Amino acid sequence: MKKVALNAAGLLVALFAAFPVYWMVATSLKPNREIFSATPRPVPAKPTLEHYREILTGNLIPGVTFADFFLNSALVAVATVLLSGLVALLAATAVARFRFRLRTTFLILLLVVQMIPLEALVIPLFLMIQRLGLYNTLPSLILTYLGFSLPFAVWMLRGFVAAVPKELEEAAAIDGASRAQTFRKVLFPLVAPGLVATSIFSFITAWNELIFALTFISDQHKYTLPVAMTFFFGRDDTAWGSVMAASTLFTLPVIVFFLLVQRRMVSGLVAGAVKG
């Protein structure tokens with residue numbers, strides 16, 4: 001009975017979490033008369049793809065399509081994930097394997113940075129971006145998201161690197177492996193689960209962020225998807241069908257990215273390597 005109760009509770013939590021996603025997808029398939037009906041139906045009576053057709057073939061802004069916004073977001077998110085993964089792995093390895101002055105201070109500063117609200121940094125970062133000559137460019141967003149994702153990534157990867165026994169690296173060195181070969185063939189495969197977890201965090205941060213994208217970019221051709229979503233909301237009316245269709249397409253890349261990397265999110269690789 002205890003197991004049944006726990007499974008039932010887990011199922012209820014899963015349904016509660018999945019219902020908004022289901023309602024978003026179902027609404028995107030409803031014609032406008034069903035969306036604004038006095039008695040909304042949980043299942044579309046006459047499913048239609050007209051809202052998807054409108055956002056994919058129409059122009060939210062003259063000369064700019066939904067695909068342009070999608071490519072901008074994809075470029076920023078992928079660049080952020082790759083750079084944050086590389087820099088965070090090197091920094092975490094240095095912090096976990098070497099002893100140097102102000103090491104503890106550095107780790108504490110990583111936590112302090114995470115406590116600062118994003119809104120408090122908009123103006124200072126805007127002035128910095130202007131001085132660097134990066135205003136109205138996608139690299140300005142990449143650098144900003146990189147700065148916010150690195151503290152979490154370094155702190156998390158530090159634990160994974162520290163969990164790898166030094167004996168494995170010493171054994172590789174005895175067998176004639178260089179430092180680069182040891183890092184690439186021994187340490188990197190064992191830290192891969194943590195790298196995947198931090199990559200998911202970095203991807204979601206870069207994919208969903210709105211405030212800095214709206215502040216640092218003025219060229220409409222360089223807008224990202226979160227900024228494009230604001231164009232569906234008018235002063236007097238909101239195209240809810242288009243909003244739900246765009247939100248569905250906006251959510252799909254995150255789901256696909258997670259499905260592609262979920263198999264690597266298994267921390268048991270370290271234990272297996274130690275036993276071997």
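User: Which residues line the second largest pocket?

Analyst: In this predicted model, Val113, Ile116, Leu121, Leu125, Met128, Ile129, Leu132, Leu143, Thr144, Gly147 and Phe148 line the second largest pocket. Two or more of the lining residues come from each of α6 (122-132) and α7 (138-163). The volume is about 220 Å³.

User: What makes Phe148 a lining residue of the second largest pocket?

Analyst: A lining residue has an atom within 4 Å of a grid point. Phe148 is listed in that lining, so Phe148 has such an atom.

User: What does the largest pocket look like by volume, lining and class?

Analyst: The largest pocket holds about 360 Å³ of space. Of its 13 lining residues, the closest to the centre are Arg97, Phe98, Glu169, Arg179 and Thr182. The classes are 5 nonpolar, 3 polar and 5 charged. At least two lining residues come from each of α4 (66-97), α8 (166-174) and α9 (179-208).

User: Why is the space lined by Val76, Leu141, Tyr145, Ala206, Trp207, Glu209, Thr224 and Pro226 called a cavity?

Analyst: In a cavity a 1.4 Å probe fits but cannot get out, whereas a pocket is open. The space with this lining is the largest cavity, so the probe cannot leave it. Its volume is about 30 Å³.

Notes
Residues numbered from 1 in each chain as written. Predicted model: local features only at pLDDT ≥ 70, side-chain atom pairs only at ≥ 80, totals over all residues. Heavy atoms only, no water. 1 Å grid on protein atoms, 1.4 Å probe; cavity = no way out; pocket = protein on both sides within 12 Å on 5 of 7 lines; lining within 4 Å. Points joined across faces, edges and corners; volume = space filled by probe spheres on them. Helix = DSSP H or I, 4+ residues; strand = E, 2+ residues; numbered from the N terminus. Nonpolar A, V, L, I, M, F, W, Y, C, P; charged D, E, K, R; others polar.
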